Each structure stands twice: as structure tokens, then as C-alpha cells.
Amino acid sequence: MENYLAPAVEPMAPKKRTWLKPVIRLGIFGVIALIAFFVANPFTASSTEVGACLKGSVDNAESVKNTECGTPDANFKVVGKQENKSEIGLRISGGSECDDYPTTDAYFFQGKKGATDGTLLCLEDLKNPGERAPVVGDCLPGDAEEAKKLAKVDCAGAGYKVLAVEKKPAVALNDETCAQVPSADAKLSWHRAGSALAQERVLCLDDLKK
């Protein structure tokens, strides 16, 4: 019987996993790009809180960024913030949701275009503040016609003092504004100029001359 030598078994060289390097590189690049994006664009709903300041123009969403208050490029201050807002809904309302914040001059929708879960930022214009309604404690001139101009004056010698500020109801028949302010002797309406959809306010006044 002839003996045959078994053929030598040559170990196979391990296949090089050439796909690993590109994937690893891609992953590292993605993380770096993500970090770079948030560093360069720190403007997120969670980081923009009431009291924060912004730079840029609300007419150019990409230009709006967080900035330090008190710096020359600070154009706006956030005075109100509301979550889960619709961009289309805000276009219809004209930002009237910000009427509850008396120093609001503009509003900004923070979210993707057409989104229904964005954030509404109510902004005070730090460089060009708009018309302001009198607040509780402010005084107005004594003459009734002058008082309608809502020009605030020193309370010494004034004619009226603002006791309360209420929203005027949409239905005039249900207008019971100032009814819960027993010391109110008169009332005046106020509407922010240039905002047709903003809800009208009623100033409940104490007649200081009586």
C-alpha cells in the first residue's frame, strides 16, 4: 500500500475589512459635523428662553442667532415663549398670541417651514421699540380728549390712573370689561398700531379729578 502525503493546508489570509475604515471615518466626520453645526448654530428651542437676546432680522430666519444681551448686535429680547405652535396658524393670527406680553414688537417662528410643532418667540425690539400701551399704575392727562392719546404723564396733577388692563371681547354684546373693577370711573380702548389682528385692550381708569 502506497502512502500519500496529505496536501499541506495553507491557512487563508484574513480578509481585510476594507469597509471598516470608510465607515469609521464617516462616523467620526458625522459627529464632528454635528458638533460643528450646533456650535455654529446654537439657536435651538431649548437654548432660547425668555430673557435671552437675539441678533439678526426676523424677516430672514437664517440670520437670527442667540447673542449676549447688552452687545451692539443684540436686536431683540425674548419676552414670551409658547411651544407647539403652527407656522400656518401664526400667519393667520398675525402673532396675536403675543398680545399677552405688552412689550412685544415682533414675533418669530422657530421650527421647520410648515411645521405644526414649532416654537413661538415673542420679541421686544431693543433698538426700535414700538408703541406701548399704558400699564397698571400709569397716569394719563386730565382732559378726556388728551387722555385718548394715551400719553403717560406724572401722576401729580394727572386726570386718570390705570387700575387694570383687560382684553376686549370679540362680541361687543358681551363687553363687561372693567365690571370687576368697582373703583373704575371710565375706560379707554387701546390697539397696537400696525397689527390689525392684535386683540384690543381696555384700560380701566380711576378719575383722579372727582
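Two strands count as paired if DSSP finds at least two bridges between them, and the strands themselves (E, at least two residues), like the helices (H or I, at least four), are DSSP runs numbered from the N terminus. The model described here is predicted, so local features need pLDDT of at least 70 and side-chain atom pairs count only at pLDDT 80 or more, while totals for chains, interfaces and linings use all residues. Residues are numbered from 1 along each chain as its sequence is written, and side-chain values use heavy atoms, with hydrogens and water left out.

The chain holds 3 helices and 9 strands, and its elements follow one another from the N terminus as α-β-β-β-α-β-β-β-α-β-β-β. Five of these strands are brought together in an open sheet of 5 strands, paired antiparallel in the order 2-1-3-5-4. Strand 2 (65–67) and strand 4 (106–110) each have a single partner strand and stand at the edges, so one side of each is left without a neighbour in the sheet. On average, neighbouring strands of this sheet are turned by 45 degrees against each other, direction ignored, with axes taken as lines fitted to C-alpha atoms and angles running from 0 to 180 degrees between N-to-C directions.

Within the sheet, strand 3 (residues 76–85) and strand 5 (residues 118–125) run antiparallel and are joined by 7 bridges; Lys81, for one, has Leu121 in strand 5 as its bridge partner.

For the chain as a whole, buried residues (under 20% relative accessible area, 1.4 Å probe, protein chains only) make up 30% of the 210 residues. Of the contacts (heavy atoms within 4.5 Å) with a separation of 6 or more, 53% involve residues 24 or more positions apart.

Key. Buried means under 20% relative accessible area, exposed over 50%, partly exposed in between (1.4 Å probe, protein chains only).
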